[in-house]
Amino acid sequence: MTIKRTDFPDNFIFGVATSSYQIEGATNEDGRGDSIWDTFCREPGRIQDGTGGDVACDHYHLWPQDLDLIQSLGVDAYRFSVAWPRIQPDGKGPVNQKGLDFYERLVDGMLERGLQPYLTLYHWDLPQTLQDEGGWVNRETAYRFAEYARVVAERLGGRVRSYATLNEPWCSSILSYQIGEHAPGLQDRRAALAAAHHLLLGHGEAVKVMRDIVPGSSLGIVLNLQPAYPASDREEDVAAARFADGTFNRWFLDPIFRGEYPADIWDAYGEDVPTVQDGDFAATSQPIDFLGVNYYSRSVNGATGNVRPSESSYTHMGWEVYPQGLTDLLVRINHDYTVPPVYITENGAAYPDELEGGRVHDAQRVEYFKAHVQATSDAVQQGVNVAGYFAWSLMDNFEWAFGYSRRFGMVYVDYGNQQRILKDSAKWYQTLVTRQDAGV
Ligand SMILES: N=[N+]=NCCCCNC(=O)[C@@H]1[C@H]2[C@H](O)[C@@H](O)[C@H](O)[C@@H](CO)[C@@H]12
C-alpha cells in the first residue's frame, strides 16, 4: 500500500499545527499578561523537568524563519493559536495593541507565503486574572471569552478565514480541574463539569459574536476524541467502554451536535452535574462549519481499568499506536451525529529522538504518520467528509506537564541554540504533500 496525496480529494488540506504557549516564549514581552500555565509552571513538581514556556521555541522572535520552514514543507495550511494574555493581559477590558500587532504580522507572513491560516482562539493559556476569579468554573469567563473573540475577529477577520474557538475542552476542564495534571491543577469533579459547561457556553457565545464580524468565515471547535473499545465482550467490559466513551467523547459531542448532555453520563455524575441555564444548549449547539478532531490513540476498557494490548507498540507518551481507531472514530461520529466537514486538527507521536550527525532518523514517527494518513484516507473512502489533516506538531515544543522531555515535532528543536533540523518524518511529509508519491 502506498499512501499518496492523490488518494485524497484535490481540495483536501494538509497542514502542520502548533499552539501559542508551547512555542512562543517571550512570556513577559510586549505587554503579555500571565496565563494559568505561567503560574502552573512556577509551582514545584507540576512540570516533569521543572521547565516552563518562558522561552520555548522562541517563536515570538523566530516566527519569520519558522514560517519559511513551514512553507518549505509544501503544506497548504498552518494551524496556530492566539495567546489571550497577549490580546487582553487581564483577560478583559483593555486591549494590548502590541499583542494584536504580533498576530497581524504573523498572519500576513502566512498569507505572503501562500499558507492558509487556521486560527485557534483558545489553546489553554487562560489569563491568570480570570483564574483568580474562578477561571472556567465561573460562568462569567464564557462571556469574557466571547469578548476576546470579538477583538481578534475584528482585527484579523479580513485575512483569517478559519477560526476554532476552543482546543480540546476535555483537557481544559477534566484534565485541568478534575484529574489535575494540567493548569490550574485542581481535583474537583463538580468544578471540572462546571468548567466544561462554561467552556462550551463560551464556544457558543463566541460563535454567535463572530458570525456577524467575519461572515463567510469557517467557525468550528476542536475536540480530542478517543474511541473506547471493550477489553472483552463481557458485559462489565462493554459497560466500562461505554462509560469511557461517554465521559471522553459524548459529554462534548452531544451538547454541540444534539443540544443536550448524554443521559447515562448525566445520571452517573449525580450531584456533580453543572448548572444549565435556559438558552445554554441553544448556544452550545448552534451550527458550526467544521469539527476539528485531535486523534492520538484509543482506549481499551475493562471493568477493573484500562488494558494495554501487548501486541501493540506505544509512543513515548505511553499511548498505543492504533491507526484503525482513527478510521473507526471518524466513521462513528459520521454515523451517530450530523457533523459538518471534519478536519484532523492534530495527529502525531512523541518518540525519544536522537540527533545523529545533524540528522534525526525518526522511523517510528514516519510509520505513525503513514499509517494515520492512510487511516484518514480509509475514512474518506467510507464516505466521511474529511477536509484536512494537520500533523502535530511542526516542531518539538513545550509538552505541558512533560516539559521538553517529549518530542512531538517533525522538526527537531535544539533548545541550546534554537536550531531547527528537519527529521526524516518532515521529509516524508514533504514528499507526500508535494505529490512526490511517497511510498510506504
Ligand atoms: N490523562 N490523560 N490524557 C489522555 C488524553 C490527553 C490528550 N492530550 C492531547 O490530546 C494533547 C493535545 C494538545 O492539543 C497539544 O497541545 C498536545 O501537545 C498534544 C500532545 O499531548 C495533544
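**View 1. Residue classes around the second largest pocket of this predicted model.** The lining of the second largest pocket divides into five nonpolar and four charged residues, with no polar residue among them. The residues concerned are P227, A228, Y229, A241, R242, D245, D328, L329 and R332, and the space that lies in this pocket comes to about 160 Å³. Three elements, β6 (228-230), α10 and α13 (324-336), each supply at least two residues of this lining.

**View 2. The largest pocket and the residues that line it.** About 1000 Å³ of space lies in the largest pocket, whose lining is made up of 44 residues, with W170, L175, Q226, F248 and W319 lying nearest its centre. The elements that give two or more residues to this lining are α8 (169-178), α10 (235-257) and β8 (299-302), and the largest share, five residues, comes from α10. Sorted by class, the lining of the largest pocket holds 23 nonpolar, 13 polar and eight charged residues.

**View 3. The largest cavity and its lining.** By the rule applied here, the count comes to four cavities of 30 Å³ or more, and the largest cavity has a volume of about 50 Å³. Its lining consists of R79, Y118, L119, T120, S162, A164, V222, F290, Y343, T345 and F390, which by class gives seven nonpolar residues, three polar residues and one charged residue. Strands β3 (116-122), β4 (162-167) and β10 (342-347) each supply at least two residues of this lining, and the largest share, three residues, comes from β3.

**View 4. The packing of helix α7 against helix α9.** Two packed helices are described by the angle between their axes and the distance between the axes. Helix α7 (residues 140-156) and helix α9 (residues 189-213) pack at an angle of about 30°, with their axes 8 Å apart. Because angles under 35 degrees count as roughly parallel, α7 is roughly parallel to α9, and α7 passes α9 in a right-handed crossing. On the α7 side, A142, Y143, F145, A146, A149, R150, A153 and E154 take part in the contact, and these meet H198, L201, G202, H203, E205, A206, V209, M210 and I213 in α9. By class, the contact of α7 with α9 has eleven nonpolar, three polar and three charged residues.

Methods:
Residues numbered from 1 in each chain as written. Predicted model: local features only at pLDDT ≥ 70, side-chain atom pairs only at ≥ 80, totals over all residues. Heavy atoms only, no water. 1 Å grid on protein atoms, 1.4 Å probe; cavity = no way out; pocket = protein on both sides within 12 Å on 5 of 7 lines; lining within 4 Å. Points joined across faces, edges and corners; volume = space filled by probe spheres on them. Helix = DSSP H or I, 4+ residues; strand = E, 2+ residues; numbered from the N terminus. Nonpolar A, V, L, I, M, F, W, Y, C, P; charged D, E, K, R; others polar. Axes fitted to C-alpha atoms, helices over the stretch in contact; angles between N-to-C directions. Parallel < 35°, antiparallel > 145°, perpendicular 65-115°, else oblique. Left-handed = near helix turned anticlockwise from the far one by under 90°. Contact = heavy atoms within 4.5 Å.
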